[in-house]
Every structure is written in C-alpha cells, then in structure tokens.
Amino acid sequence: MTTETPPTDTAPATPAPAAAPSPATSRPPVAAASRRGGGALALAILLSLAALGAAGYTAWTVWEMRADLGEANGLRGQVDTLQAGVDGMRQENANLRRRLNDADAVNRSAREEVLGVSERIRNLEDAVANLSERSLSGHDAMLLDEAESLLRMAKERFALFGDAAGALSAYDLADKTLAAVNDSAFAAVRQDVTAEREALAAVAPAARGNDLSTLADLRAQLPTLPLKRDDNTSEDGTPPGFWQRAGSALGSIVRVSHDDGSPVALADQRIARELAALDVAHAEAALLAYDDAGRTAALKRADAALAAYFDTTAPAVKTARSRIAALMGSQARGNEPKLGAALAELRNLRSVHALQGSSQGTHPAPAASAPAPAHAGSSGAPAGGTP
C-alpha cells in the first residue's frame with residue numbers, strides 16, 4: 001500500500017494560511033482511500049485463507065502419505081516374509097525333487113531286479129513242471145496204476161459178490177496210494193474216494209456180513225428143528241399102541257382138520273421146513289439186494305412159520321426165533337451205494353495228462369485202457385476173503 005507525500009515548495013518559511021477546505025472538496029479522496037484499503041484487506045484475508053487451506057491440505061496429504069508409508073512398510077515386511085517362505089518352499093521342492101529322482105532311480109533298479117527275479121521264478125517253474133512230468137511218468141504213474149487197479153477191484157467185488165467190507169478195504173488202500181502221488185491234480189480223485197468210502201461205511205458192512213452168516217446158519221439149522229407133535233405120537237416119544245395104529249389107519253380114510261387159512265394147511269406139515277427155508281433164503285437175497293422192506297417181510301414170514309408149524313417149546317426153536325428177532329432189529333440198513341465215480345475221475349485225469357504230455361513232447365505213462373483182472377495175492381488186495 002502506497003502513501004502519497006505532499007510536494008515541497010520554495011515558499012517562505014511561514015506558510016500562508018490556507019483557506020479552509022470545504023466539505024465538498026475534501027470527502028472524496030478519503031472514501032477512495034478507504035475503499036482501496038478494504039479491498040486490499042479482503043484480498044489479504046482471502047490469500048491467507050487460501051494459504052491456510054493449502055497448508056492444511058498439504059498437512060493432511062502428508063499425514064495420509066505417512067499412514068500409507070507405514071502400511072507400505074508393513075506390507076513390505078509381509079512381502080519379505082512371504083518371499084522368505086517362498087524361497088524356503090522352493091528349496092524344499094528342490095530337495096523333494098532330488099529325493100523323487102533318487103526314488104525313481106531306486107524304483108527302476110528294484111523293477112529291474114523284480115523282473116530278473118520273475119524270470120528266475122519262471123525258469124524254476126518250468127524246471128519244476130519238467131520234474132513233475134518226469135516223476136509222473138515214473139513213480140506217480142506206478143502209484144496211479146495201483147490206485148486204478150484197487151478202485152476197479154473194489155467196484156467189481158461189490159457188483160459181483162456184494163462184498164462191501166472187501167470193497168471198503170480196497171478203497172482204504174486206494175486212498176493211501178493216491179496220498180503218495182506228488183501231483184496235486186489228483187486231489188479231486190481222493191475226494192471222490194472219500195465220498196464212496198463214506199457211502200460204503202453207511203451200509204454197515206460188518207453188521208451186514210454178520211446178518212448174512214446168521215441167515216446162512218439159520219437156513220442150515222431149519223431141517224433139524226422139531227415140528228409140532230402129532231396126535232399119534234405120545235409125549236414121551238414111545239411108539240403108538242394097537243388102538244392108536246387103528247385110529248391112524250381109519251384117519252387115513254376120513255380125517256377132520258381145522259383150516260386156519262394158511263397155504264400149507266392143506267398140505268403135509270413137513271412142507272413147512274421148505275417154506276421156512278425159502279423165506280430165510282428170500283431174506284438173504286433181499287439183504288444182498290439192499291431191499292430192507294423185502295428182508296423184513298421175509299423174516300416175518302419165517303418167524304410166523306416157526307410159530308405155526310414148529311415146536312415153540314423146544315430150545316432150538318426159541319433160539320431160532322430170537323435170532324430172527326435180532327435180525328429184524330439189525331443196523332445193516334440203507335440203499336445200495338453207487339460206486340465208480342472215483343475210478344472214472346481218475347481215468348479222465350490220466351487221459352488229460354496224457355494229452356498234455358503228448359502236446360508238450362513228453363511221454364507220461366498212459367492210463368490203463370482195459371481193466372486187468374485183480375490177483376488175489378497182490379499187495380493191494382482187500383483184507384476180506386473172496387466170497
């Protein structure tokens with residue numbers, strides 16, 4: 001703001017009295033000066049306020065920049081931590097990769113060793129197969145021939161003579177012979193042998209043999225059993241007198257008898273022996289045929305004949321009837337066992353082995369094509385005698 005200075009004149013030291021200014025001439029310069037001073041003040045205030053706002057804005061900006069700088073420093077620390085973690089993970093990955101490479105190398109070497117061991121095992125299997133074929137062509141073939149002969153012998157003895165005990169002994173020997181065979185392919189034959197042995201044991205061969213011997217003894221004893229006493233014979237066995245002989249002579253012309261409805265009532269009572277013997281023989285045949293119902297019926301008819309036509313007070317007749325009662329309660333019961341499955345299985349397996357041996361160039365011993373007769377003196381013969 002400028003201040004106006006009045007000009008100096010070279011007038012005398014005592015100034016002349018100036019005329020008093022009129023109000024009209026002195027008021028306009030003061031108003032103009034005041035207006036100029038108020039505008040400058042307002043401008044100064046505005047500039048101060050602008051400077052103050054700029055300083056505040058600058059301070060606020062600096063404060064925000066400091067806050068952002070602190071956050072940036074924190075983020076930088078986190079980034080450094082993450083970078084260190086990433087560097088550690090990279091190092092661990094590198095170690096893991098090296099270990100995986102080492103493991104792959106070990107696996108490759110182990111795979112090569114396994115392949116070598118597999119090749120050796122394959123060679124060993126081939127060698128064992130060759131050895132088994134050679135043993136089959138020698139020792140095993142001999143054992144299989146013996147087992148086949150025993151099974152065929154057991155089947156024929158049972159079919160021809162009904163010798164269940166002898167067949168069971170032959171099956172026992174055949175099972176022991178098959179157990180000595182090295183080839184495991186013939187294990188199924190042993191299962192069939194076991195099943196047929198159980199079927200033979202179920203019909204009680206020992207009890208059946210005892211029943212047959214009892215029936216044979218009873219049939220041989222029947223001709224000696226006493227019949228019921230005739231009216232013409234005295235109780236003490238003395239010969240009849242004159243009057244008895246006369247009555248017998250008259251009775252031969254006219255004779256009155258009681259008919260009980262039996263078939264032998266019209267014939268001589270001596271036929272009762274033959275009929276009882278036939279019933280006993282029928283019981284024997286039914287026992288051999290495994291006909292339990294027929295055997296029981298024949299024994300009942302034989303017991304009825306003994307009770308009707310023989311002297312039931314005689315000890316021999318009582319013994320015969322008690323033996324018949326024991327026969328009717330015998331444990332030798334059951335259907336006829338079916339044999340031959342084990343023999344057929346053995347022949348089939350031997351045929352298959354013979355075909356495999358011929359296809360591979362080996363020559364195992366073939367199975368016996370025709371059944372050979374069993375010798376009684378061979379070591380594989382059953383313990384029971386030939387009927």
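What share of the contacts in the chain with a separation of 6 or more comes from residues 24 or more positions apart? The figure is 78%. Keep in mind as you click around that this is a predicted model.

**The whole chain.** Start with a cartoon view. You'll find nine helices and zero strands. Switch to a surface: the accessible area is about 26100 Å², with 60% of that belonging to carbon and sulfur atoms. Of the 387 residues, 22% count as buried.

**Helix α1.** Now select residues 23-161, which make up helix α1. Show the side chains of Y57 and W60, which sit three residues apart in this helix, about one turn. Their rings form an aromatic pair of the tilted kind, at 6.2 Å centre to centre and with 40 degrees between the planes. Y57 counts as exposed because its relative accessibility is 55%, while W60, at 44%, is partly exposed.

Next, pick L41, I45, L46, L49 and L52. Together they make a nonpolar surface patch with about 530 Å² of accessible area. One of them, L49, belongs to helix α1.

**Helix α7.** Move on to residues 292-309, helix α7. Colour its buried residues, among them G294, R295, A298 and L299. The buried residues of α7 pack against α4 (205-221), α6 (271-288) and α8 (315-328).

**Salt bridges.** The count here is 14. Stay on α7 for two of them:

- Select R295 with D211: their side chains meet at 3.9 Å, N to O. D211 lies in helix α4 and R295 in helix α7, so this pair ties together parts 84 residues apart in sequence. Both D211 and R295 are buried.
- Select R301 with D279, a salt bridge at 3.4 Å, N to O. R301 is in helix α7 and D279 in helix α6, 22 residues apart. R301 is partly exposed at 38% relative accessible area, whereas D279 is buried at 13%.

**Last stop.** R347 lies in helix α9 (residues 341-359) and E148 in helix α1, so the pair ties together parts that are 199 residues apart in sequence. E148 is buried, with 1% relative accessibility, and R347 is partly exposed at 27%.

Technical notes:
Residues numbered from 1 in each chain as written. Predicted model: local features only at pLDDT ≥ 70, side-chain atom pairs only at ≥ 80, totals over all residues. Heavy atoms only, no water. Phe/Tyr/Trp six-rings, centres within 6.5 Å; stacked < 30°, edge-to-face > 60°. Helix = DSSP H or I, 4+ residues; strand = E, 2+ residues; numbered from the N terminus. Buried < 20%, exposed > 50% of the residue type's maximum accessible area, 1.4 Å probe, protein only. Contact = heavy atoms within 4.5 Å. Areas by Shrake-Rupley, 256 points an atom, 1.4 Å probe, with all protein chains shown as cover. Expected span 1.5 Å × (residues − 1). Patch = residues over 30% accessible without salt bridge, like charges linked within 9 Å, V, L, I, M, F, W, Y side chains within 5 Å. Salt bridge = Lys/Arg side-chain N within 4 Å of Asp/Glu carboxyl O.
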